[in-house]
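Here is a short tour of one chain, from its overall build down to a few of its contacts. Have the 3D view open and follow along.

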Protein chains: 2
Amino acid sequence: MISFDEAFDKVIQHTQNWGVETVDLLESTDRVLAEPVLADRDFPPFDRSTRDGIAIDFTAFEKGRSTFQIESVLSAGMPQKELSSPELCCEIMTGAIVPKNADTVIMYEEATLENGNAIVKSIPKKGQNIHKRGSDARTGAILLRPDRSVSAAEIGVLATVGKTRVSVKKLPKVCVISTGNELVDVSETPLPHQIRKSNALSLYAALSKDNITPELLHLTDDKKTIEENIVRVLQQNDVILLSGGVSKGKFDFIPEVMKSLHVEKVFHRVAQRPGKPFWFGVQKQHNTQVFSFPGNPVSTFTNYHVYFVPWLYQCLGLRYPKREVILDQPIRNDLPLTRFVQVKTHFEKGKLCANPITDGGSGDLASLSKSDGFVCLRPREQEYEKGELVSFYET
Amino acid sequence: MISFDEAFDKVIQHTQNWGVETVDLLESTDRVLAEPVLADRDFPPFDRSTRDGIAIDFTAFEKGRSTFQIESVLSAGMPQKELSSPELCCEIMTGAIVPKNADTVIMYEEATLENGNAIVKSIPKKGQNIHKRGSDARTGAILLRPDRSVSAAEIGVLATVGKTRVSVKKLPKVCVISTGNELVDVSETPLPHQIRKSNALSLYAALSKDNITPELLHLTDDKKTIEENIVRVLQQNDVILLSGGVSKGKFDFIPEVMKSLHVEKVFHRVAQRPGKPFWFGVQKQHNTQVFSFPGNPVSTFTNYHVYFVPWLYQCLGLRYPKREVILDQPIRNDLPLTRFVQVKTHFEKGKLCANPITDGGSGDLASLSKSDGFVCLRPREQEYEKGELVSFYET
């Protein structure tokens with residue numbers, strides 16, 4: 001049995017790269033950018049009025065002029081015009097190009113318009129209300145770097161530079177397999193000794209957060225069935241997530257089957273609670289990573305978030321957001337293993353605080369819906385105190 | 001012009017309820033639950049072994065017995081068996097039903113199995129390693145309350161109680177309309193006076209976070225075109241999000257068009273930066289809410305997150321996560337309006353800290369991709385100090 005830190009390091013050492021693909025702009029939402037995005041022109045592309053008002057040549061004002069005859073009305077979407085004389089002005093709308101020979105925009109609120117003239121009521125500053133060409137970015141400047149998640153703001157940038165197709169990191173093909181003879185379909189009414197499947201569906205929902213739609217498979221605890229199915233699944237997927245069948249029970253065939261299918265065991269059993277019987281291995285021929293979680297709901301859920309999610313981030317080139325929370329209550333961990341304790345967090349004056357959730361052990365599924373993450377407590381004689389900082393995994 | 005707080009209150013007073021619909025279990029991910037979810041049986045439904053090992057009658061051990069003949073092997077998914085005599089034991093696997101007449105499970109690691117017998121090596125505690133029937137929840141207990149978002153943990157609970165179909169809050173039908181003659185499609189090469197559309201696509205991506213797929217529409221600054229299209233859109237949608245056309249410019253037809261279409265103005269113009277010309281109204285006949293944002297990217301984005309998202313949460317019965325962050329740098333706001341300042345946050349010893357992003361004003365689209373939210377600074381003579389708590393909107 002290895003420690004949590006060793007196990008985590010071994011998982012992270014098996015980082016994969018599934019390459020790059022090109023998708024339509026709106027499909028790139030929540031994907032990981034795989035190319036730098038450059039400014040295809042200056043931004044803004046022209047001296048742009050930021051107000052509705054009038055555009056003047058400041059020098060004329062400086063020389064004492066405050067009444068300007070209006071020679072034209074300029075709106076966004078019109079080609080650039082010219083101020084033909086410093087005695088004149090143009091009405092100009094937000095987003096319009098400032099005309100040649102003008103350099104200052106005075107908003108309507110600070111001018112009086114009558115009989116085709118604009119009378120300036122307050123003292124403008126030269127250059128005011130103009131968003132200068134190239135002031136946000138010059139042609140060729142990097143607007144977005146790769147290895148970041150694309151969200152609404154990035155979609156705006158991609159649209160602006162004309163990226164109808166976006167290069168993003170490919171996601172792994174994932175198969176989620178549940179095992180266990182006690183499990184029946186959600187639609188069935190279980191007999192007294194049966195329970196409905198939940199782990200695989202829960203993993204399906206968790207993966208959908210990262211845009212992955214897995215194949216779902218259920219296998220009974222029959223060695224031959226498991227073997228036959230896993231052969232195919234190993235060939236067709238980059239990742240297999242299993243739940244169940246890795247404990248010390250007589251029908252826990254997974255480690256044995258993996259061995260017979262030449263899936264190299266990286267480790268089995270970690271000094272942690274929950275999730276001690278976690279098995280991790282690699283099938284080198286197809287380069288398929290196998291995360292085999294114990295079947296208890298809380299064990300599967302914890303291992304998924306503690307190992308798989310940070311590993312997936314690493315594979316996609318994203319930084320996993322390491323977080324710490326402040327304990328609101330003392331917790332003990334004098335066991336010789338790392339404990340992951342379910343907590344409910346809340347913000348208090350800008351501080352992220354965590355309260356442990358009382359649960360019924362690793363089989364207590366409903367407890368997961370009361371928590372929003374786990375704190376990680378390494379073995380320690382001394383109590384973890386109220387107010388102490390501990391590392392946190394959001395779920 | 002009204003204050004930000006007044007404007008926000010007015011928006012929130014227009015909370016809508018779009019009713020309830022039933023969807024397939026896996027489609028309920030990220031939706032808002034509209035029914036309480038009850039335990040359809042006890043959880044666990046039987047006394048369940050939490051270890052692989054042997055099940056005994058503790059009384060026999062108490063009376064001095066430490067060697068037990070193995071009479072059967074029980075695995076998960078088998079109907080309940082019986083321990084036929086206190087001198088015997090059953091091998092039992094994790095998840096299996098504890099047999100009648102047995103009350104204690106000893107894990108394999110603490111027993112020696114040889115010649116059909118199990119010899120107990122350590123002193124067990126009565127009842128150990130058994131997850132008692134009903135200890136997590138009794139039949140009829142509420143496992144999930146309505147008005148919460150369904151994520152992976154809730155999917156597990158719903159599956160366990162056999163919910164193949166889930167009652168969730170209906171989402172609004174949304175139409176996103178961009179206006180402006182200067183705008184061309186993302187696929188086009190803009191002329192020097194044109195720019196590509198980005199706001200509508202950015203809103204599309206933002207809405208997808210909340211599972212809403214809007215209709216997208218672009219209208220040129222022509223009053224008749226705007227009117228004709230908005231008539232239809234008002235009939236077919238619960239919400240319209242507009243960007244552009246609400247400023248004081250000569251081609252800002254939206255307020256006028258809304259009036260002619262009997263969309264009642266709730267307010268126009270808010271003492272805030274960015275996003276001052278925000279227009280909000282309701283078409284009472286179809287009960288369509290109209291959020292009309294100014295066309296600058298930062299203005300639209302800010303107003304969307306500051307007004308629309310909290311309003312949507314309220315409509316769906318969710319609590320909007322009000323947050324505060326700790327300023328890492330002092331910021332001034334001596335203007336007579338509420339400022340929303342783009343910030344980048346980071347956690348430092350459990351505290352959420354925020355640094356303002358330098359941007360080029362409300363037209364600087366790329367700046368949004370550098371920030372992860374806005375802080376809200378109401379007008380105040382005194383500087384907002386480093387270390388001060390201010391309210392925060394995550395984007």
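What percentage of the 395 residues of chain A count as buried? The answer is 48%. Keep in mind as you look around that this is a predicted model.

**Overall build**

Chain A holds eight helices and 29 strands. Its radius of gyration is 31 Å, whereas a compact globule of 395 residues would have one near 21 Å. Along the principal axes, the C-alpha atoms fill a box of roughly 95 × 50 × 40 Å. Take the contacts in chain A between residues at least 6 apart in sequence: 69% of them join residues at least 24 apart.

**A helix pair**

Now turn to helix α1(A), residues 4-13, which packs against helix α7(A), residues 297-316. Their axes lie 9 Å apart at an angle of about 35°, and the crossing is right-handed. Which residues meet here? From α1(A) come A:F8, A:V11 and A:I12, and from α7(A) come A:Y307, A:W311 and A:Q314. By class, this contact has five nonpolar residues, one polar residue and no charged ones.

Technical notes
Residues numbered from 1 in each chain as written. Chains lettered and ligands numbered in written order. Predicted model: local features only at pLDDT ≥ 70, side-chain atom pairs only at ≥ 80, totals over all residues. Helix = DSSP H or I, 4+ residues; strand = E, 2+ residues; numbered from the N terminus. Rg over C-alpha atoms; globule rule 2.2 N^0.38 Å. Buried ≥ 20, exposed ≤ 12 C-beta atoms within 10 Å, placed from the backbone. Contact = placed C-beta atoms within 7 Å. Axes fitted to C-alpha atoms, helices over the stretch in contact; angles between N-to-C directions. Left-handed = near helix turned anticlockwise from the far one by under 90°. Nonpolar A, V, L, I, M, F, W, Y, C, P; charged D, E, K, R; others polar.
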